[in-house]
Amino acid sequence: MITRQRLAAGALALLAALSAGLGTAGPAAADGEEPAQPSPKVELLLDVSGSMRARDIDGKSRMAAAKQAFNEVLDATPDEVQLGIRTLGANYHGDDRKTGCKDTELLYPVAELDQAGRTDAKTAVATLAPTGWTPIGPSLLKAADDLKDEDKERSRRIVLISDGEDTCQPLDPCEVARKIAAEGIHLTVDTLGLVPDAKTRDQLSCIAEATGGTYTSVRHTDELSGRVKQLVDRAADPVATPVAAEGAAQCSEAPQLKAGVYTDREKFGEHRWYRVDVKPGQELRASVSVGADRAVNQDYGVLLRASTTHGREIVRGSEAGDGRTDVISTGLRYPKPESDDEADDGDDGDDGGEPAAETVCLQVSNSFSAPSSVKTTPGLPVELAVDLVDAPDEASDVASFGLGNGWWLLGVLILTGFVAGLVWGWVSRWRFAVWRTN
């Protein structure tokens, strides 16, 4: 009886608390909540020059592949993204260079897409036909103007899709991209090269790198639509902007990193070091990706190794490849318990004070090699992600020597195999003895 009364009283109290909370949640949230982030803006910048007639993407023209990709992207664009479409080289058929280099048009203005807007944008894309010049530099300037407004915190992204070099020099597209980046309006330019040659690849890569964007080589329709969708989604859910960091040849001279994403370049077969401070009760999670942005020999690997400042290895992660992928990645985890009774190579805190953080040395190594005809400078692009989270309650909850709780399974398997071998040997000897006796 008493238990039922207590339960009833608890239920009434809970309902009363919920009622009070609901009654006051509106004003409280209105007073304390952060202002909503402004909706991101994305402009798709499409090359419609004469070279887009080439039929080398899945048996159809580059223009047809781009139209199919745009239709799929327009259907999948998140509602909160303001999206627009600009063309370059879509209208002028003549040979006058001055006129051809002004041939850029805002096909669909930057705005949030409702169902009618998606239909209108698809209709506008369907009318395009490969026509004229390739004014990438002037079109980038116009696209940047399309995305500008008074909100300096808004995320902005241009996705440039082209199959050739700019034909409107001396207005260098790389210099244009650097100028856009210097304006500080949170504008990133990502570039996609349709069946690119070396010169096109270099130019599009330069444009992307100048603004912190990415370059992707595309040879199939599904690759194009998938990558554009990914970039539009990234605008809706921005990721951390990588910070440049230059690794050192040894840990004592390595840069000190905090949680974040970092970029570097590493020579073929090089070792680079970075340092991270891990406090007691924290877990270090690190991952590294090395990109093969040029032709490389098959059979290569990447190593990410964590060690103490005195060289004692803590944990490592490694991955190997055979030339079938452009990026190879690996990672590791290292938890530091709240209290560590074991001997530690890190610094100790003062008596009575807060325990000092342990300096962990991160070594990034690669075993890439390249044919003699390939330039080895600059080094391969490296992206290093570092995160510090709360450590698990038990250190055994995470990988130990890369196997974690798998060590228990490995021990059980070894013991089972040993016992099974003994039993099988005893049975075999017994059967042999019986056979001899009979």
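Which residues are linked with Arg154 in a network of salt bridges? Select Lys41, Asp149 and Arg156 together with Arg154, and you have the network on screen. A salt bridge here is a side-chain nitrogen of Lys or Arg within 4 Å of a carboxyl oxygen of Asp or Glu. Side chains of opposite charge can pair when their charged atoms come close.

Before the next stop, some ground rules. You're looking at a predicted model, where local features need pLDDT of at least 70 and side-chain atom pairs count only at pLDDT 80 or more, while totals for chains, interfaces and linings use all residues. Residues are numbered from 1 along each chain as its sequence is written, and side-chain values use heavy atoms, with hydrogens and water left out.

**The whole chain**

Zoom out and switch to a cartoon view. The chain has nine helices and 16 strands; these are DSSP runs numbered from the N terminus, with helices being H or I of at least four residues and strands E of at least two. Of its 438 residues, 40% count as buried. Buried means under 20% relative accessible area, exposed means over 50%, and partly exposed is in between (1.4 Å probe, protein chains only). Now think about contacts, meaning heavy atoms within 4.5 Å. Among contacts in the chain with a separation of 6 or more, 75% come from residues 24 or more positions apart.

Searching the whole structure turns up 21 salt bridges. Let's visit some of them.

Select Asp75 and Lys122. Their closest N and O atoms are 2.5 Å apart, and they form a salt bridge. Asp75 belongs to helix 2 (residues 62–76) and Lys122 to helix 4 (residues 115–126), so this pair ties together parts that are 47 residues apart in sequence. Asp75 counts as partly exposed at 48% relative accessibility, and Lys122 is also partly exposed, at 25%.

Next, pick Asp146 and Arg86, a salt bridge with its closest N and O atoms 2.7 Å apart. Since Asp146 sits in helix 5 (residues 136–147) and Arg86 in strand 2 (residues 82–88), the pair ties together parts 60 residues apart in sequence. Is Arg86 buried or exposed? At 6% relative accessibility, Arg86 counts as buried.

Then go to Glu358 and Lys336, whose side chains meet in a salt bridge at 3.3 Å, N to O. Glu358 is in strand 15 (residues 358–366) and Lys336 is in the loop between strand 14 (327–335) and strand 15, so here the tied parts are 22 residues apart in sequence. Both Glu358 and Lys336 are buried.

**Helices side by side**

Colour helix 5 and helix 6. Their axes come within 8 Å and cross at roughly 20 degrees. Axes are lines fitted to C-alpha atoms, for helices over the stretch in contact, and angles run from 0 to 180 degrees between N-to-C directions. That angle makes helix 5 roughly parallel to helix 6, a label for angles under 35 degrees. To see the contact, select Ile136, Gly137, Leu140, Leu141 and Ala144 in helix 5, which meet Pro173, Val176 and Ile180 in helix 6.

Helix 6 (residues 173–182) and helix 7 (residues 198–210) pack at about 10 degrees, their axes 8 Å apart. This pair is roughly parallel too. On the helix 6 side, look at Pro173, Cys174, Ala177, Arg178 and Ala181; across from them are Gln203, Cys206, Ile207 and Ala210 of helix 7.

**Loops to look at**

Most residues other than glycine have a negative phi, and most peptide bonds are trans. With that in mind, click on Asp58, in the loop between strand 1 (41–47) and helix 2. Asp58 isn't a glycine, yet its phi is positive, about 55 degrees. Asp58 is partly exposed, with a relative accessible area of 46%.

Val195, in the loop between strand 5 (187–194) and helix 7, also has a positive phi, about 45 degrees, without being a glycine.

Move along to Pro378, in the loop between strand 15 and strand 16 (380–390). The peptide bond from Thr377 to Pro378 is cis, with omega near -5 degrees.

Last stop: His93, in the loop between strand 2 and helix 3 (97–100). His93 counts as exposed, at 67% relative accessibility. Draw a line from its C-alpha atom to that of Asp103, ten residues apart along the chain, and the separation is 9.8 Å.

Methods: Angles under 35 degrees count as roughly parallel, over 145 as roughly antiparallel, 65 to 115 as roughly perpendicular and the rest as oblique.
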